[in-house]
Amino acid sequence: MFDVVIVGLGIAGYTAAIYCARYKLKVLLVGAEEGGMGNTAAEVGNWPGEIEIRGPDLMEKFKKHAVSFTDQVTFKIARVKDIQKMGSEFELVLEGDEKVMGKTVIFATGSNKRHLGIKGEEEFSGKGVTYCATCDAFFYRNKTVAVIGGGDSAVEGAAIAAQVAAKVYLVHRKNSFRAEPYWVEKVKEKKNVEFVLERNIVEVIGDQPSPAAAGLRPASKKVTGIKLDQPYNGSDTIAVDGVFIEIGSNPAVELPKKLGCALDTKGFLQVDEAQRTNIAGIFGAGDLTSASNHFAQFTTAAGEATVAANSAFNYLQAGK
Ligand code: NDP
């Protein structure tokens with residue numbers, strides 16, 4: 001029986017584990033993927049104390065810190081498949097059908113990238129269509145790519161892609177960006193970034209290779225362009241080799257929803273000022289919650305996790 005099961009291996013999960021360990025709680029830190037969204041940041045310039053650091057490097061530091069509490073923290077990479085309430089405790093079913101029990105649970109499961117839902121998107125997913133510009137840009141050296149969106153992920157992604165790609169089209173449905181001015185300025189400085197504004201992408205176009213000749217492997221499908229809802233420079237298509245769709249994320253609330261946790265009107269896990277959900281013993285921290293004005297940052301995730309760990313500690317103390 002663990003005092004706290006923390007689900008999620010991103011900033012919020014690691015931070016919650018550090019605090020819970022220092023409260024001398026018995027912690028299971030479990031998640032499907034190490035690093036979460038933090039791993040996808042090419043350059044982090046807003047984590048206090050680090051003027052500039054790569055996301056994966058920062059996440060490695062978080063992990064190292066969390067697992068250094070060897071007496072307190074059990075670390076496991078496994079997807080949590082199911083959760084149910086059993087009396088005042090919680091049973092979680094992990095991949096491989098291992099069952100673990102927790103007196104409390106902190107959900108730090110983050111968010112999943114949104115898809116556009118347009119023709120060709122699924123067909124060419126992984127064949128030129130990807131959902132992380134900063135992770136995949138380096139596969140497009142000297143090629144032409146389109147980045148879709150106008151938030152931090154898209155604008156930062158376009159700036160990073162411009163360092164290696166020959167040409168980057170930043171396609172956004174508005175004529176102004178919601179991204180941090182730092183990144184907007186940075187991308188505007190890039191000579192190889194072209195802004196395609198007030199346009200939506202309606203289709204991903206790709207080649208359909210003809211069947212392979214006998215004895216030869218068929219050529220793989222690949223993206224050749226995007227189609228827009230209205231012409232740009234006289235044409236409604238733009239030739240590209242890759243499309244990075246960066247139109248935001250949806251909170252990963254499947255498990256808390258299953259348990260009966262309330263969501264806010266936008267579909268985020270509803271938490272109060274102490275990061276408590278409506279179910280006693282269940283807490284939330286990071287990008288999946290209604291807290292921090294939905295502002296998904298390293299600092300807000302760490303802050304929420306700090307409060308969630310404190311609340312889990314107080315809850316356990318009160319039950320003694
Ligand atoms: P956001 O939700 O902030 O932005 C999504 C963008 O995609 C918006 O510009 C939106 O347009 C556009 N969009 C949404 N749906 C569609 C659609 N169907 N078709 C076309 N365009 C669409 O997501 P991000 O992933 O950029 O950021 C998520 C959170 O993570 C934010 O809180 C952000 O601050 C944070 N983040 C921070 C970073 C940093 O600090 N360096 C880096 C990356 C993310 P519109 O503007 O018209 O609504």
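**Ligand Surroundings and Domain Contact**

A polar side-chain atom of Arg 173 lies 2.9 Å from an oxygen atom of the ligand, which is within the limit for a polar contact, a pair of N or O atoms within 3.5 Å (within protein, one must be able to donate a hydrogen and the other to accept it, and residues adjacent in sequence count only if both atoms are side-chain atoms). Taken alone, the ligand exposes 910 Å², and the protein buries 80% of that; accessible areas come from the Shrake-Rupley method with a 1.4 Å probe, and for residues only the protein chains shown count as cover.

The model is predicted: local features need pLDDT of at least 70 and side-chain atom pairs count only at pLDDT 80 or more, while totals for chains, interfaces and linings use all residues. Residues are numbered from 1 along each chain as its sequence is written, and side-chain values use heavy atoms, with hydrogens and water left out.

A backbone N or O atom of Gly 150 lies 2.9 Å from a ligand oxygen atom, and for Gly 151 the corresponding distance is 3.2 Å. Around the ligand there are 20 residues, of which Gly 150, Asp 152, Ser 153, Lys 174 and Arg 178 come nearest; a residue counts as near if one of its heavy atoms lies within 4 Å of the molecule.

The protein chain is assigned domain 1 (2-113 + 248-318) and domain 2 (129-245), with bounds from an automatic or database domain assignment. Their C-alpha centres lie 33 Å apart. The contact (heavy atoms within 4.5 Å) takes 7 residues from domain 1 and 12 residues from domain 2.

What joins the two domains across their interface? The rule finds 1 salt bridge there, a salt bridge being a side-chain nitrogen of Lys or Arg within 4 Å of a carboxyl oxygen of Asp or Glu. Lys 186 forms a salt bridge with Glu 43, and their closest N and O atoms are 3.8 Å apart.
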